[in-house]
Amino acid sequence: RRVHGIDTRRAALTALEERHASKLALLARMRGNLELATLSAAEKAKLRSDYTALRTELTSLEAEVAAAKNAQFDAELDIKLRKRKCADRRDALEGRELASQHSLVQLELRQHELARARHELRLRAAVLEAEKLGIERRHHEDGLRDLEAHVEDQQRRTLLVRKAIADFRTRAQAEVRTSGLPPLPESDDALLELSLSPQLDSIARTLRLQLHLTKEQAKGNDKRRRQLADIEQHLSERNRAAAAQ
């Protein structure tokens, strides 16, 4: 819209300059006619009057042309300033856009770095989990070997106690035959609760204690076996989970 106004001003200025040039040419011709000797006094007086009026009109026209030129200059200067301001604003916007793009690139790089760091942490966690599983597996295997040793010891002790009870039953059987007591019970526990001679009663107390200890040891071994079975299942599940990753 402003450019269109400048074109209109320029066209009007051109028209004024053409009128001014035309008036100057007419004034020059009138000056030449005033020097003609063939003119009468009345014609010269009228020509001088027209000449003076034309000079006055030219003075006014020159002021109008000057004012139009100044207005044209101001308008063109205003447009240049506005264009400069628009260019500066465009440069600022482009600068902000470049800064935003740079920030976006930096953000994407940071996201890639974080993703790589997370991947490395997952790998490190997997390595640590594998090492932890290895330690726990070795500890579990040590527990199994320890349990096997306890079971063997418990079985050995049980065999010794059962053998001692068998010997005790033989001695008690001999006492029953000589004393006319009722037949001995089938159960070892019931056998050891009988009231016999003081010597056999002392042996029975000892055997009851030993039998109780072997039974408690067997219960402890069974409990430990169940615990180790649970640990084995837990380790197997963790191994499968680690392999799935």
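Biologist: I would like to begin with the largest pocket. Which residues line it?

Modeller: Here is the general idea: rolling a probe the size of a water molecule over the atoms shows where empty space is left. In this predicted model, the lining of the largest pocket is made up of Arg157, Leu160, Val161, Ala164, Gln210, Leu213, Thr214 and Gln217. Helices H2 and H4 are the elements that each give two or more residues to that lining.

Biologist: What volume does the largest pocket have, and how does its lining divide by class?

Modeller: Its volume is about 170 Å³. Sorted by class, the lining has four nonpolar residues, three polar ones and one charged one.

Biologist: Let us turn to the cores. How many residues does the largest nonpolar core have?

Modeller: The general idea first: in soluble globular proteins, nonpolar side chains tend to be buried together. Here, the largest nonpolar core has 13 residues, and those with the most contacts inside it are Ile165, Phe168, Ala172, Leu191 and Leu192. At least two residues come from each of helix H2 (41-179), helix H3 (188-192) and helix H4 (198-244). H2 gives the most, with five residues.

Biologist: Which residues does isoleucine 165 touch, leaving out those up to four places away in sequence?

Modeller: Isoleucine 165 touches Asp188, Leu191, Leu192, Leu207 and Leu211. There is also a second, separate core of six residues, which includes Leu27, Met30, Leu54 and Leu58.

Biologist: Helix H2 keeps coming up. How many residues has it, and how far does it reach?

Modeller: H2 has 139 residues, and from its first C-alpha to its last it reaches 197 Å. That is close to the 207 Å expected at 1.5 Å a residue. After H2 comes glycine 180, with a positive phi near 70 degrees.

Conventions
Residues numbered from 1 in each chain as written. Predicted model: local features only at pLDDT ≥ 70, side-chain atom pairs only at ≥ 80, totals over all residues. Heavy atoms only, no water. Core = buried A, V, L, I, M, F, W, Y, C linked by side-chain atoms within 4.5 Å. Buried < 20%, exposed > 50% of the residue type's maximum accessible area, 1.4 Å probe, protein only. Helix = DSSP H or I, 4+ residues; strand = E, 2+ residues; numbered from the N terminus. Contact = heavy atoms within 4.5 Å. 1 Å grid on protein atoms, 1.4 Å probe; cavity = no way out; pocket = protein on both sides within 12 Å on 5 of 7 lines; lining within 4 Å. Points joined across faces, edges and corners; volume = space filled by probe spheres on them. Nonpolar A, V, L, I, M, F, W, Y, C, P; charged D, E, K, R; others polar. Expected span 1.5 Å × (residues − 1).
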